[in-house]
Amino acid sequence: MSAWPLVDLEEVSDISAGNPAPQDANHFCADGHPFVRMQDVGRKHIDPALVETTDRVSSLAVRECGLRLYPAGTLLIPKSGASVNLNHRAMLGLDAYVVSHLATIIPDQRKVLPSYLFHWSQRYDPRSQAQVTSLPSLPLSLIKAAKVPLPPLDEQRRIVGLLDRAAEIRRRADAARAKARAIIPALFLDMFGDPATNPKGWRTLRLGDALLTGLQNGLYRPASDYGEGTRILRIDSFDDGKIGDQRRLKRLRIDTASIKKFGLHEGDIIVNRVNSPPQLGKSVLIHKLDEPTVFESNMMRMQVDPEILIPAIVGVMLQIPSVRQNLIRNAKHAINQSSINQSDVTAVGVFAPPLTLQTDFAEQAQRIEATARALDAAAAKAEAMAAGLSAEVFGSA
């Protein structure tokens, strides 16, 4: 914890609740004034400049309902409803009206910078103090009494600059990752065409004809085995063909034989075989893993023959909508979940361009991925620095 003096939040800000939401239909109009609801605050979870609102209120609503306008820089904290448990944070990026379920904190800028208070709020977690009912709530008195370390304004500016820089690096890394997700499939379609129509006339085959071995289902363990040990890939561990932060993978206690049998290797391709329909057929190509990792039972593993199709080609091909649709077209549907079996996967039609073209594509995709990974690494380093600084200044969350 920092050595700066601790003050109550109400000593450095004007704290109140927002306005009851207008109920009359003519109180809303497309070209009206921004009206912030809970869903707007939750849209990004952490939003340093909220400007997008679903609803806009008319000037008539402002007059008839006596709505208070909150200035840009106002900090918003959920104070009632389910969003209290989600601990969303937002700071207004424009003047707006605000719903009463949100606490509004207007910084006294003679004492505290709005951005400094916003960064502090990300370490402020009052959920354990919320009144527990069917809809949890935080009394304004509790929020007013929250303790804020208060350095001089110049020091606040220095702290905000460092924390904002780390957040900007993360935004750039996320943008690069999103661009890579869009560019690589587009590059595939440009070079090879859609496998469903095969406009360039490549050799066609069943996916099963390109596998080195049969498909393998993953590992099942009861919930009591989770908590520590070996990392495990689960369906929430990847999206758009990419694994997220490997450090966040869950762990479970298993023996050496299980690690050997279900351990993932670079070049493996994992396909989700049992889940809700939107998750069915989701897949990921395994790149380098930081440590031994196994995969869960609702997935299956395939290993392709690189003399026919190199893994990078299959990894991207399975992200093409037409291929994924073919993958799940014979899915079996039950209550709350659907499934595909190994025969469904091996029967999917694919094509095999010449290996020289496959290699050329893989090299281009690898360069794009390398750029995104480098930015991810820079973002991780900046975030670690920011976390250390936040802990030093604001204390533990």
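Predicted model: local features only at pLDDT ≥ 70, side-chain atom pairs only at ≥ 80, totals over all residues.
The secondary structure of the protein comprises 11 helices and 24 strands. Along the principal axes, the C-alpha atoms fill a box of roughly 70 × 50 × 40 Å. Of the 397 residues in the protein, 48% are buried. Among contacts with a separation of 6 or more, 79% are between residues 24 or more positions apart.

Helix 4 (residues 114–123) packs against helix 11 (residues 355–394) at an angle of about 90°, and the two axes are 10 Å apart. The two helices are therefore roughly perpendicular to each other. On the side of helix 4 the contact is made by Tyr116, His119, Trp120 and Arg123, and on the side of helix 11 by Ala387, Ser390, Ala391, Val393 and Phe394. By class, the residues of this contact divide into six nonpolar, two polar and one charged. Seven of the 10 residues of helix 4 are buried, so this helix is largely enclosed by the rest of the structure. The buried residues are Pro114, Tyr116, Leu117, Phe118, His119, Trp120 and Ser121.

A search of the whole structure finds 23 salt bridges. One of them joins Glu168 and Arg171, with the closest N and O atoms 3.0 Å apart. These two residues are three residues apart in helix 6 (residues 153–192), and Glu168 and Arg171 are therefore separated by about one helical turn. In an α-helix there are 3.6 residues a turn, so residues three or four places apart point the same way. Both partners count as partly exposed: Glu168 has a relative accessibility of 30%, and Arg171 has one of 45%.

Glu291 forms a salt bridge with Arg231, and here the closest N and O atoms are 3.6 Å apart. This pair links distant parts of the chain, 60 residues apart, with Glu291 in the loop between strand 19 (283–285) and strand 20 (293–295) and Arg231 in strand 13 (residues 226–233). Glu291 is partly exposed, at a relative accessible area of 26%, whereas Arg231 is buried, at 6%. Arg231 and Glu291 also belong to a network of salt bridges in which they are linked with Arg251 and Asp290.

A further salt bridge is formed by Asp239 and Lys282, whose closest N and O atoms are 3.2 Å apart. Asp239 lies in strand 14 (residues 238–239) and Lys282 in the loop between strand 18 (274–275) and strand 19, so the pair ties together parts that are 43 residues apart in sequence. Asp239 counts as partly exposed, with 47% relative accessibility, while Lys282 is buried, with a relative accessible area of 7%.

With a cut-off of 2.5 Å between cysteine sulfur atoms, the count of disulfides comes to zero. Cys29 is in no disulfide, and the nearest cysteine sulfur, that of Cys65, is 13 Å away. Conversely, the closest cysteine sulfur to that of Cys65 is in Cys29, and the separation of 13 Å is too far for a bond. Cys29 is partly exposed, with a relative accessible area of 29%, and Cys65 is partly exposed as well, with a value of 33%.

Two residues other than glycine with positive phi values were noted. For Asn87, phi is near 60°. Asn87 is placed in the loop between helix 3 (83–86) and strand 7 (89–92), and it is buried, with a relative accessible area of 13%. For Asp240, phi is near 55°. Asp240 lies in the loop between strand 14 and strand 15 (242–243), and this residue is partly exposed, with a relative accessible area of 49%. Strand 14 is also the element that holds Asp239, the partner of Lys282 in the salt bridge described above.

Methods
Residues numbered from 1 in each chain as written. Heavy atoms only, no water. Buried < 20%, exposed > 50% of the residue type's maximum accessible area, 1.4 Å probe, protein only. Axes fitted to C-alpha atoms, helices over the stretch in contact; angles between N-to-C directions. Helix = DSSP H or I, 4+ residues; strand = E, 2+ residues; numbered from the N terminus. Parallel < 35°, antiparallel > 145°, perpendicular 65-115°, else oblique. Contact = heavy atoms within 4.5 Å. Nonpolar A, V, L, I, M, F, W, Y, C, P; charged D, E, K, R; others polar. Salt bridge = Lys/Arg side-chain N within 4 Å of Asp/Glu carboxyl O.
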